[in-house]
Amino acid sequence: MVSTATVVLRRRTQAQPPPSSRSSSTKKSIRRRDYSDTDCEDYSDTYCEECGSGEFPAELLLCDNCDLGFHLFCLRPILVSVPKGSWFCPSCSDHKKPRNFPLVQTKIIDFFRIQRTSEQTQKFGPEIQKRRRRTSGLMGSKKRRKLLPFKPSEEATRRLEQMASLATALTTTGAEFSNELTYMPGMAPRSANSATLEYGGMQVLSKEDMETLYRCKYMMERGEWPPLIVVFDPQEGFTVEADRFIKDLTIITEYVGDVDYLKNRENDDGDSMMTLLSAADPSKSLVICPDRRSNIARFINGINNHSPDGKKKQNLKCVRFDVNGECRVLLIANRDIPKGERLYYDYNGYEHEYPTEHFV
């Protein structure tokens with residue numbers, strides 16, 4: 001149970017700076033569970049069991065068993081929005097660590113639909129290398145900094161462990177694996193994803209960087225994954241760590257999920273929606289919803305925008321590109337990342353709609 005309130009959109013974004021006249025039209029509210037005036041109990045004096053404060057009543061969540069209150073931001077891991085259905089506090093719930101996905105090669109291959117043949121690899125590898133040699137030169141490197149493909153861990157066993165960690169996180173959260181944007185019936189069609197609709201225009205991904213992106217995709221299809229591992233932290237929940245040194249400007253992953261119109265998600269309480277298209281006509285704006293289909297991007301945490309220490313954590317940037325006329329969202333290293341460092345990026349970009357003041 002929770003007190004009735006309206007809060008701003010929990011949406012991750014890296015949009016171009018929107019004019020102030022448009023900022024209010026792109027916000028959305030998340031519905032709280034509403035209790036009518038006929039409820040016999042008065043919760044006006046409820047306080048948080050963790051911090052002892054009754055302030056921020058809109059952020060107080062009540063246990064459906066003991067009726068004790070907890071601020072969303074005082075819980076560990078933090079809850080960014082009110083969960084669907086019943087919710088039980090740590091004392092009333094059977095709180096267990098996530099059950100690890102079996103470290104069995106055949107199960108992991110089937111879960112991620114990894115290609116079992118090297119035919120496509122043999123066709124793709126030499127061609128991409130040939131094109132890279134032909135297009136890269138001294139003058140090109142001086143003009144712009146090129147994106148880099150990730151370097152998979154060398155040991156096959158370690159790559160299996162990395163994939164199993166992601167499978168654990170996905171199965172625990174009830175999501176299927178997908179490494180592409182998905183267009184489902186009843187949601188936005190693929191034809192709606194047109195970069196030409198972006199308000200103010202969108203940066204076009206260069207041909208060479210596009211080849212690098214596709215190279216990363218093909219590597220993943222054959223089981224050569226980014227050197228990342230998903231871990232469960234009692235304070236932050238699922239989070240992602242670098243499992244080997246990652247160089248600045250390396251493509252980490254694409255942010256994927258179901259594509260839908262923003263207008264269809266006005267009452268959605270998901271906490272991981274990402275801006276895909278910010279159109280001049282708000283009715284044509286699109287978001288990525290990774291709650292049902294997603295990849296490792298969903299588990300990369302955000303920085304605390306209100307803390308100097310939080311901002312220092314940022315080692316990724318989230319950028320939207322025009323890729324062959326469609327909008328795509330990439331997470332890219334914005335500095336060298338040593339092995340063992342957790343990955344963080346700014347959930348807000350320029351829109352400042354995602355509340356991060358209580359992030360760890």
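Student: Which side chains does the polar contact of 2.7 Å join?
Tutor: That polar contact joins the side chains of Asn 315 and Glu 341, where a polar contact is a pair of N or O atoms within 3.5 Å, one within protein able to donate a hydrogen and the other to accept it, and residues adjacent in sequence count only if both atoms are side-chain atoms. This is a predicted model, in which local features need pLDDT of at least 70, side-chain atom pairs count only at pLDDT 80 or more, and totals for chains, interfaces and linings use all residues. Residues are numbered from 1 along each chain as its sequence is written, and side-chain values use heavy atoms, with hydrogens and water left out.

Student: Is Asn 315 buried or exposed?
Tutor: Asn 315 is buried, with a relative accessible area of 0%; buried means under 20%, exposed over 50% and partly exposed in between, with a 1.4 Å probe and protein chains only.

Student: And which backbone oxygen lies 2.8 Å from a polar atom of its side chain?
Tutor: For Asn 315, that is the backbone oxygen of Arg 342.

Student: Switching topic, what order do the strands of the open sheet have?
Tutor: The three strands have the order S9-S16-S15, with antiparallel pairing; strands are DSSP runs (E, at least two residues), numbered from the N terminus, and two of them pair if DSSP finds at least two bridges between them.

Student: Which strands stand at the edges?
Tutor: S9 (251-254) and S15 (316-323) do, each with a single partner strand, so one side of each is left without a neighbour in the sheet.

Student: How many bridges join S9 to S16?
Tutor: Three bridges join S9 to S16 (residues 326-333), and Ile 251 stands opposite Ile 332 in S16.

Notes:
Helices (H or I, at least four residues) and strands (E, at least two) are DSSP runs, numbered from the N terminus.
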